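Thanks for sending this one over. Here are my notes, as numbered points you can follow with the structure open beside you.

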Amino acid sequence: MKLFGSKVSPLLVFMLVMTTLVWQGKATPCGSTFFSALVQLIPCRASVSPFSPIPPTEGCCSAIKALGQPCLCVLVNGPPISGVDRNMAMLLPEKCTANFEPCEIMK
């Protein structure tokens, strides 16, 4: 197998993936994966609907506070989520009186 030819070394790919994962872990100290954080916020689905949002329920606010700001920011900056308005999702901590810093939007 060539190291610098048309084929990529599996070791090089492994090292790049691991470096990326370590860097992401330091940048966002969220203890949940994107999908597990998303599942945890299912009670908030109606509050982030783009067409007729309702105020967050007590269950939604409890989920927001339990999840924490770093994980909420991971969701806001992650891949698009069907039926979720990101701007409304970013307002949930304020509506739930959670003292979170605003998420830094990554482009």
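1. Let me begin with Val 48, which counts as buried because its relative accessible area is 6%, under the 20% cut-off. Please keep in mind throughout that this is a predicted model. Val 48 sits in the loop between helix 2 and helix 3. Which residues does Val 48 touch, once neighbours within four places in sequence are left aside? They are Gly 83, Val 84, Asp 85, Met 88, Ala 89 and Leu 92. For Met 88, the C-alpha atom lies 5.3 Å from that of Val 48, although 40 residues separate the two along the chain.

2. Not counting residues up to four places away in sequence, the contacts of Ser 47 include Pro 53, Ile 54, Pro 55, Pro 56 and Thr 57. Met 88 and Leu 92 are touched by Ser 47 as well.

3. Now step back to the whole chain. The protein chain holds 5 helices and 0 strands, and its pattern along the sequence reads α-α-α-α-α. Of its 107 residues, 28% count as buried. Among contacts between residues at least 6 apart in sequence, 64% join residues at least 24 apart.

4. Next, the core. The largest nonpolar core has 18 residues, and those touching the most other members are Leu 41, Cys 44, Ile 64, Leu 67, Leu 75 and Leu 92. Which elements give two or more residues to this core? They are helix 2 (34-40), helix 3 (58-67), helix 4 (69-77) and helix 5 (86-95). Take Leu 92 as an example: beyond four places in sequence, Leu 92 touches Cys 44, Ser 47, Val 48, Pro 56, Cys 60 and Ile 64.

5. The buried residues of helix 3 are Cys 60, Cys 61, Ala 63, Ile 64 and Leu 67. Viewed down the helix axis, these buried residues fall within an arc of 160°, so they line one face of helix 3. Following helix 3 comes Gly 68, with a positive phi near 90°.

6. Buried in helix 5 are Met 88, Ala 89, Leu 92 and Pro 93. Helix 3 and helix 4 are among what covers the buried residues of helix 5.

7. For helix 4, the buried residues are Cys 71, Leu 72, Cys 73, Leu 75 and Val 76. Their cover includes helix 2, helix 3 and helix 5.

8. A word on the second largest pocket, which has a volume of about 260 Å³. Of the 15 residues lining this pocket, Leu 38, Leu 41, Val 48, Ile 81 and Val 84 are the closest to its centre. Helix 4 and helix 5 each supply at least two lining residues.

9. Lastly, please check the segment after helix 5. Thr 97 is located there and has a positive phi near 55°, in a residue other than glycine. Most residues other than glycine have a negative phi. Thr 97 counts as exposed, at 60% relative accessibility. Asn 99 is found in the segment after helix 5 too and is exposed, with a relative accessible area of 80%. Asn 99 and Gln 69 are 30 residues apart in sequence, and their C-alpha atoms are 8.8 Å apart in space.

Notes. Residues are numbered from 1 along each chain as its sequence is written. This is a predicted model: local features need pLDDT of at least 70, side-chain atom pairs count only at pLDDT 80 or more; totals for chains, interfaces and linings use all residues. Side-chain values use heavy atoms; hydrogens and water are left out. A nonpolar core is a set of buried Ala, Val, Leu, Ile, Met, Phe, Trp, Tyr and Cys residues joined through side-chain atoms within 4.5 Å. Buried means under 20% relative accessible area, exposed over 50%, partly exposed in between (1.4 Å probe, protein chains only). Helices (H or I, at least four residues) and strands (E, at least two) are DSSP runs, numbered from the N terminus. Contact means heavy atoms within 4.5 Å. The arc is that of the directions from the helix axis to the C-beta atoms. On a 1 Å grid over the protein atoms alone, a cavity is a set of points where a 1.4 Å probe fits but cannot get out, and a pocket is an open set with protein on both sides within 12 Å along at least five of seven lines; lining residues have an atom within 4 Å of a point. Grid points are joined across faces, edges and corners, and a volume is the space filled by probe spheres set on the points.
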